[in-house]
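Colleague: I would like a close look at one part of this model. Please keep the answer simple, and then connect that part to what surrounds it.

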Amino acid sequence: MVDDGERAPSPEETLRLIEEQRAATVRRFRGDPLFLYVPWGVAWLLGFTCFFLHYGLDGKPYAPISQTQALAVLMISMVIAGSLAAYEITRMNMGVRGESPARGAMYGYTWFAGMIVMSIIAIRVSPMLPEAEAGLLWSGVSMLVVGVMYMAGGAIFLYWPMFFAGVGVIAVNGLGVLLGPGWHALLTAVLLGVGQIVVGLWWRRRQCR
Amino acid sequence: MTAGGAVPELDPVIHAQARLRVVAALNTMGGGDEIAFPALKDLLGMTAGNLSVHLTKLEEAGYVQITKTHKGRTPVTYVSLTKRGRVAFDDYTKAIRALLDSAGGTS
């Protein structure tokens, strides 16, 4: 018997209603991939394409882009991507208190700490290296932090797609560092940059269904 | 064809679409999380008055916990699903699935 004058839904309707509400709630609290993942893909695509054009695959530049200009493009794009992600994470946690926001805040601080210490290490060590190797150090260590944080995020939020995204970043980064600066930039731009954009849009489409 | 005869066995507190959506949404959130009343209202697309009525019924059944507090000088109301509410929702979904299975088996 249902009070409030509502018609009793059939079992099929009830299960559909539960699933629709669950999906809407997940969308609200897991965030929009368009803000969380796609901007990072765009940043890597733009920044590492500039690095690739600067290094070339055989040591000869493909375009007159200096390392400083390439680094500036990557850093500016990453700051924009980080700002969009921070905005979305704030929106996700708005009106919620308890374990999830606390977990999210600690995870955010860990990102920040990782990136700061990574920069300190690169600033300290890169002057001792040739220009191309110094660039590879910056790229390789920063993508290591990204990969590890994605994998850790997957574990913390029990979200396998995020964990596997981290595995992909770690694998491509490791292979790229072994092959050298030009290849690292190319693989990161194409596989991780384009890959992150495609996967982000696919997640969004799946969430909106 | 629905198993209309078995419907009265379902938990009447949850078996109303509006309250079912409230409980389903709260159940999807983490066990240690609470959601502010306006955020829940927006998530469900309900009016404040309607949501308030349903929350009162759920609270009376011991399925939700309503905490009134202050954020600075602004009063804030947080809502969360109790353990009892989680168990009731779990039992409810099991019963619905069983109904669906039996309806499928007889057709």
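Which residues does Gln67(A) touch, not counting residues up to four places away in sequence?

Modeller: Gln67(A) touches Phe51(A), His54(A), Tyr55(A), Glu131(A) and Gly135(A), leaving out residues up to four places away in sequence. Contact here means heavy atoms within 4.5 Å.

A word on the ground rules. This is a predicted model, where local features need pLDDT of at least 70 and side-chain atom pairs count only at pLDDT 80 or more, while totals for chains, interfaces and linings use all residues. Residues are numbered from 1 along each chain as its sequence is written, chains are lettered from A and ligands numbered from 1 in the order in which they are written, and side-chain values use heavy atoms, with hydrogens and water left out.

Back to Gln67(A). This residue sits in helix 4 of chain A. Helices (H or I, at least four residues) and strands (E, at least two) are DSSP runs, numbered from the N terminus. Gln67(A) counts as buried because its relative accessible area is 17%. The cut-offs are under 20% for buried, over 50% for exposed, and partly exposed in between (1.4 Å probe, protein chains only).

Now widen the view to the core. The largest nonpolar core has 37 residues, and Trp44(A), Phe48(A) and Tyr150(A) touch the most other members. Helix 4 (67-93) of chain A supplies at least two residues of this core, and so does each of helix 3 (38-55), helix 5 (99-125), helix 6 (131-156), helix 7 and helix 8 (181-208). Helix 3 of chain A gives the most, with eight residues. A nonpolar core is a set of buried Ala, Val, Leu, Ile, Met, Phe, Trp, Tyr and Cys residues joined through side-chain atoms within 4.5 Å. In soluble globular proteins, nonpolar side chains tend to be buried together.

Take Tyr150(A). Setting aside neighbours within four places in sequence, its contacts include Trp44(A), Trp111(A), Phe163(A) and Gln196(A). Another core, of 34 residues, lies apart from the largest one, and Ile14(B) and Phe37(B) are among its members.

Next, the link between chains. Glu34(B) and Arg97(A) meet in a salt bridge, 2.6 Å from N to O. This pair crosses from strand 1 (residues 33-36) of chain B to strand 1 (residues 96-98) of chain A. A salt bridge needs a side-chain nitrogen of Lys or Arg within 4 Å of a carboxyl oxygen of Asp or Glu. Over all chains, that rule gives eight salt bridges.

Another salt bridge stays within chain A. Glu20(A) pairs with Arg16(A), with the closest N and O atoms 3.7 Å apart. These residues are about one helical turn apart, because four residues separate them in helix 1 (residues 11-30) of chain A. Glu20(A) is partly exposed, at 47% relative accessibility.

Lys94(B) counts as exposed at 52% relative accessibility, while Asp90(B) is partly exposed at 36%.
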